[in-house]
Amino acid sequence: MRTMIERELVAASTEPLILSLLTKGESYGYELIQEVKRLSGDQIQWTDGMLYPVLHRMEEHGWIKSRWVEIENGRKRKYYSIKKGGRQILKEKREQWSLLSSVFSGLWKGQHV
Amino acid sequence: MFNLEQSIAEWRRQMLAAGINNSSVLDELECHLREDVERGMQSGLSGEAAFQAAVKQIGLPVSLKREFAKVAPRKRVLLGILKGILAGSFGASPSLSAFTTSARRTLELARLEAPRLHHDFVGTEHVLLGLLTVENGTIPDILNRMGVNPEEVRKQVEKSISMFSFEGGTAHLPYTPRVNKALRIAAREARACKQACISAEHLFLGLLLEGDGVAARVLKTFGVNVQTTRQEVLSELGRSQGGI
């Protein structure tokens with residue numbers, strides 16, 4: 001049976017996921033989505049188009065920046081990269097998620113559900 | 001027979017119809033769609049099946065529009081409203097129904113020129129560019145008759161414009177006070193020649209008579225003066241009987 005991540009959790013984790021992926025280097029929407037699918041074994045599913053408003057909002061906040069890059073035969077892609085402000089936000093988010101994760105680990109240690 | 005390019009163009013029109021009208025956003029979504037179609041076809045789907053799957057996966061135009069609307073920066077929206085009030089864009093200038101089709105189209109084009117030049121307002125320079133590019137416009141002819149090359153005017157306008165970064169929709173860009181003044185002058189000129197509607201030629205006169213905007217300044221450097229222009233406009237209007 002597949003465990004899909006609930007909508008609320010997907011929403012809360014999208015920004016930290018994008019920021020974490022961008023620390024590995026510049027990327028574009030389609031690639032980010034494929035990467036998240038791959039890492040989660042297809043259990044985190046974004047409605048693809050929904051990623052873009054999030055990216056644009058993050059850019060508005062000054063966490064990431066973008067540039068159009070020409071690929072082949074006149075086609076272009078919009079690449080995103082993380083900014084200093086984004087790294088700071090990621091650090092904060094990471095602390096929050098790590099805290100939650102360790103609380104759950106402590107509670108669930110030795111328990112079998 | 002399935003045609004991918006046509007289908008993508010149609011999909012883009014649907015996005016536009018749903019209100020996603022920022023071309024950079026549409027380009028980015030289209031780029032995504034194409035990647036997904038390509039991937040689908042590589043994994044053995046037909047072009048049509050890959051396209052259908054990609055469209056489904058990218059999401060409905062209405063839901064995308066809703067998400068993008070949430071991103072619309074509040075600060076800029078408020079700033080836009082404030083600028084609108086300062087620019088007197090609420091009620092002060094003639095209503096759109098007072099313009100001829102060609103004049104309305106000119107103002108629409110001016111609205112498209114603004115973001116292309118990274119401006120968050122519609123200035124006299126954008127209206128002038130609109131007049132120079134509007135389909136079947138008479139202003140290029142009028143300029144030619146006065147010995148002025150319209151293409152040179154366009155280049156000069158673009159050169160006189162200071163660039164600063166702005167990204168956003170085109171629907172709510174406010175007119176600058178100078179454009180509002182030019183529109184009021186255009187209305188006065190239309191009344192003076194007993195025209196029911198303000199035509200593109202009146203808009204041109206309005207820009208010139210306003211006197212201080214980028215449009216007026218550029219036109220003056222080309223030696224375009226009010227007297228000759230008014231004569232040319234009158235004869236043009238006489239020729240087309242009622243204006244464009």
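**Chain contacts and helix packing in a predicted model**

In this predicted model, a salt bridge joins B:E35 to A:R77, and the closest N and O atoms of the pair are 2.5 Å apart. Side chains of opposite charge can pair in this way when their charged atoms come close. The pair of B:E35 and A:R77 links one chain to the other, and across the interface of chain B and chain A four salt bridges are found in total.

The size of an interface is often given as the accessible area lost when the parts come together. For chain B and chain A, the area buried between them is about 2000 Å², and carbon and sulfur atoms give 57% of that area. In chain B, the residues that lose the most area to chain A are B:E28, B:H32 and B:E35, which together account for 30% of what that side buries. The contact as a whole takes 22 residues from chain B and 23 residues from chain A.

Over all chains, the count of salt bridges comes to 22. Among them is a pair inside chain B, formed by B:E5 and B:R34, with the closest N and O atoms 2.9 Å apart. This pair links distant parts of the chain, since B:E5 lies in helix α1 (residues 4-17) of chain B and B:R34 lies in helix α2 (residues 23-42) of chain B, 29 residues apart.

Two packed helices are described by the angle between their axes and the distance between the axes. In chain A, the axes of helix α1 (residues 7-22) and helix α4 (residues 84-108) come within 9 Å and cross at roughly 130°, which makes α1(A) oblique to α4(A). The crossing of these two helices, α1(A) and α4(A), is left-handed. On the side of α1(A), the residues that meet α4(A) include A:L9, A:A12, A:P16 and A:L19, and their counterparts in α4(A) include A:I89, A:L90 and A:W97. By class, the residues of the contact of α1(A) with α4(A) divide into seven nonpolar, three polar and two charged.

Helix α1(A) also packs with α2(A), at an angle of about 105° and with their axes 11 Å apart, and the two helices are therefore roughly perpendicular to each other. Here A:L17, A:I18, A:L21 and A:L22 in α1(A) meet A:L32, A:E35, A:V36 and A:L39 in α2(A), a contact whose residues comprise seven nonpolar, no polar and one charged.

Helix α2 (residues 29-39) of chain A in turn meets helix α3 (residues 51-60) of chain A, where the axes come within 11 Å and cross at roughly 110°, so that α2(A) is roughly perpendicular to α3(A). The crossing in which α2(A) passes α3(A) is right-handed. The contact is made by A:G29, A:Y30, A:L32 and A:I33 of α2(A) together with A:L51, A:Y52 and A:L55 of α3(A), and by class it has six nonpolar, one polar and no charged residues.

How values were computed:
Residues numbered from 1 in each chain as written. Chains lettered and ligands numbered in written order. Predicted model: local features only at pLDDT ≥ 70, side-chain atom pairs only at ≥ 80, totals over all residues. Heavy atoms only, no water. Axes fitted to C-alpha atoms, helices over the stretch in contact; angles between N-to-C directions. Helix = DSSP H or I, 4+ residues; strand = E, 2+ residues; numbered from the N terminus. Parallel < 35°, antiparallel > 145°, perpendicular 65-115°, else oblique. Left-handed = near helix turned anticlockwise from the far one by under 90°. Contact = heavy atoms within 4.5 Å. Nonpolar A, V, L, I, M, F, W, Y, C, P; charged D, E, K, R; others polar. Buried area = accessible area lost by both parts, 1.4 Å probe. Salt bridge = Lys/Arg side-chain N within 4 Å of Asp/Glu carboxyl O.
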